[in-house]
Amino acid sequence: MQLPKDATIAVADGETLELYRNSGDEKNPKLTALPETSISGDNKSAGTRHRSSAANPDNSRLEEDSFAAATASWLNREVLEGRIDQLVVIAAPKTLGELRKHYHKALEAKLVGELSKEFTGRPIAEIESALAAA
């Protein structure tokens with residue numbers, strides 16, 4: 001994947017959001033960690049079609065969907081307020097699916113790419129390698 005210089009990379013799962021900026025060039029990404037942001041997963045309307053069942057006995061899916069919706073809301077706001085100009089989203093598959101449901105049209109226009117992989121908590125070098133290989 002061609003990763004533009006200064007692009008923002010959001011790495012997410014159902015409970016964590018990590019943000020990076022590409023300080024390298026398009027072919028050789030060099031990620032720099034950005035300050036942590038506080039995301040509140042209070043959007044309980046997200047994922048309401050998921051019911052507790054034997055496969056999901058503790059409602060953790062609802063919590064994860066709420067966090068993903070809140071993450072998308074935060075990213076939308078950052079794009080709309082001009083703080084994110086180019087965005088790459090790397091997220092666990094279920095999280096990415098929920099994020100997509102909440103993307104604003106302006107965010108979709110700034111989206112450079114997506115990777116459906118669970119990379120939260122991974123070393124920066126692994127994320128850089130995955131982006132370069134995509």
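Strands and helices here are DSSP runs (strands E, at least two residues; helices H or I, at least four), numbered from the N terminus. β4 covers residues 87-91, and five bridges join it to β1 in parallel. I count two strands as paired if DSSP finds at least two bridges between them.

The model is predicted: local features need pLDDT of at least 70, side-chain atom pairs count only at pLDDT 80 or more, and totals for chains, interfaces and linings use all residues. Residues are numbered from 1 along each chain as its sequence is written, and side-chain values use heavy atoms, with hydrogens and water left out.

Next I checked β2, residues 17-22. Five bridges join β2 to β1, antiparallel. Val 11 has Glu 18 as its bridge partner there. Four residues lie between β1 and β2 in this hairpin.

Then I checked burial (buried is under 20% relative accessible area, exposed over 50%, partly exposed in between; 1.4 Å probe, protein chains only). In β1, residues 8-12, five of five residues are buried. Thr 8, Ala 10 and Ala 12 are on one side, Ile 9 and Val 11 on the other.

I moved to Thr 95 in helix α2, residues 93-101. Thr 95 is buried at 6% relative accessible area. It touches Ala 12, Asp 13, Gly 14 and Ala 68, leaving out residues up to four places away in sequence. Contact means heavy atoms within 4.5 Å.

Last, I noted the exposed Pro 93 and Lys 94 on the face of α2 turned away from its buried side.
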